[in-house]
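Open the structure in your viewer and keep the selection tool at hand. We will go from stop to stop, and at each one you will find out what is there.

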Amino acid sequence: MMMSDGVAVADVFDALAAAAPEIRAGFAGRAGETDDHNATGDRQLHADIHADEILRDRVGALDAVGEYASEEAEHVRDVGAGPLSVSVDPLDGSSNLSANNPTGTILGVYDAPLPASGRDLVAAAYVLYGPLTTMVTATADGVTRYTIASDGRRTDESVSLPDDPTVYGFGGRVPDWTVDFTDYARAIKDELKLRYSGAMVADVNQVLTYGGVFAYPGLRDRPRGKLRTQFEAIPMAYIVEAAGGSSTNGAHSVLDADPDDLHSRTPIYLGNDALIDRAERALD
Ligand code: AHM
Ligand code: MG
């Protein structure tokens, strides 16, 4: 990454940090569904659309950003002549809002046009709207967690995956899992504690905090699982790998994914190296 890219990436992180309190302030009264669906057929909530508009305005306005793509919009949007492309899942796990459970925002920064390979990623970040608003950023220089106060002040600490894993969270319904994944899950649940919120950001954040494994596996009738390669899988895999962990789609690092469809899906397994190695062996 060139120095100028470093400055540009910092601008993207600043825009995300500025958007986060605005997105959070918009949750009240926006847990309901609109009449619209996104490109992968999910019913959109008012909060999904609101978060997307805020991010598009703030990130799209940056000189360094030429393309903006959102899980909530079918096509990549041209937002200028800048060299960077940004992918966002504006409000990950938004259905959690109706139960007042956590949600997040996921963002990827690429130095290539979208859709782009995980190897074109130069930085990634997520925001977790939990009891606190925190932002975790990753670049080639490492992973940092910021706590964002309501007045925008930020404190930071560096993040690395703990060596001793403690927690796991697996998506989907057990009857929909494959035999191989079910065997793996059975072994893991005898070793680790279940922590599953239904928001990928919150569940991966627990893995980064305590060590462990998060997975949304391929399902019997849906071999590519649920999570979106560009918007969710690649950025979260980058963050976990930058923090010292591993990712796989069952065969290789999620960062080797090179989606030709912006809205494609992939199975994903993230966490401590040994647990991801075991997943690869189990799914072989
Ligand atoms: P969303 O982006 O439409 O909110 O869906 C993605 C979410 C992830 O945050 C989470 O890991 C997964 O869906 C949970 O799905 P499930 O309820 O099937 O376990
Ligand atoms: Mg999502």
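Start by selecting ligand 1 and the 13 residues around it; the nearest of these are D92, G93, G171, A199 and M200. Keep in mind as you look that this is a predicted model. If you colour the shell around ligand 1 by residue type, you will find 3 nonpolar, 6 polar and 4 charged residues.

Next, colour the domains: domain 1 runs over 7–159 and domain 2 over 167–283.

Now select E71, D89 and L91, which the unreviewed UniProt entry annotates as "binding site". They span 21 residues in sequence, but no two of their C-alpha atoms are more than 9.1 Å apart, so they gather at one spot.

Stay with D89 for a moment. This residue sits in strand β5, residues 84–92. Is D89 buried or exposed? It has 29 C-beta neighbours inside 10 Å, and 20 or more count as buried, so D89 is buried. Leaving aside residues up to four places away in sequence, select what D89 touches: E71, T105, I106, R228, F231 and E232. One of these, E71, also belongs to the "binding site" annotation.

For the last stop, move along to L91, which is placed in strand β5 as well. L91 is buried, with 32 other C-beta atoms within 10 Å. Again setting aside residues up to four places away in sequence, its contacts are A47, D48, A51, T103 and T105.

Definitions and conventions
Residues numbered from 1 in each chain as written. Chains lettered and ligands numbered in written order. Predicted model: local features only at pLDDT ≥ 70, side-chain atom pairs only at ≥ 80, totals over all residues. Near = placed C-beta within 6 Å. Nonpolar A, V, L, I, M, F, W, Y, C, P; charged D, E, K, R; others polar. Domains from an automatic or database assignment. UniProt positions renumbered as here; feature names shortened; annotations may be inferred. Helix = DSSP H or I, 4+ residues; strand = E, 2+ residues; numbered from the N terminus. Buried ≥ 20, exposed ≤ 12 C-beta atoms within 10 Å, placed from the backbone. Contact = placed C-beta atoms within 7 Å.
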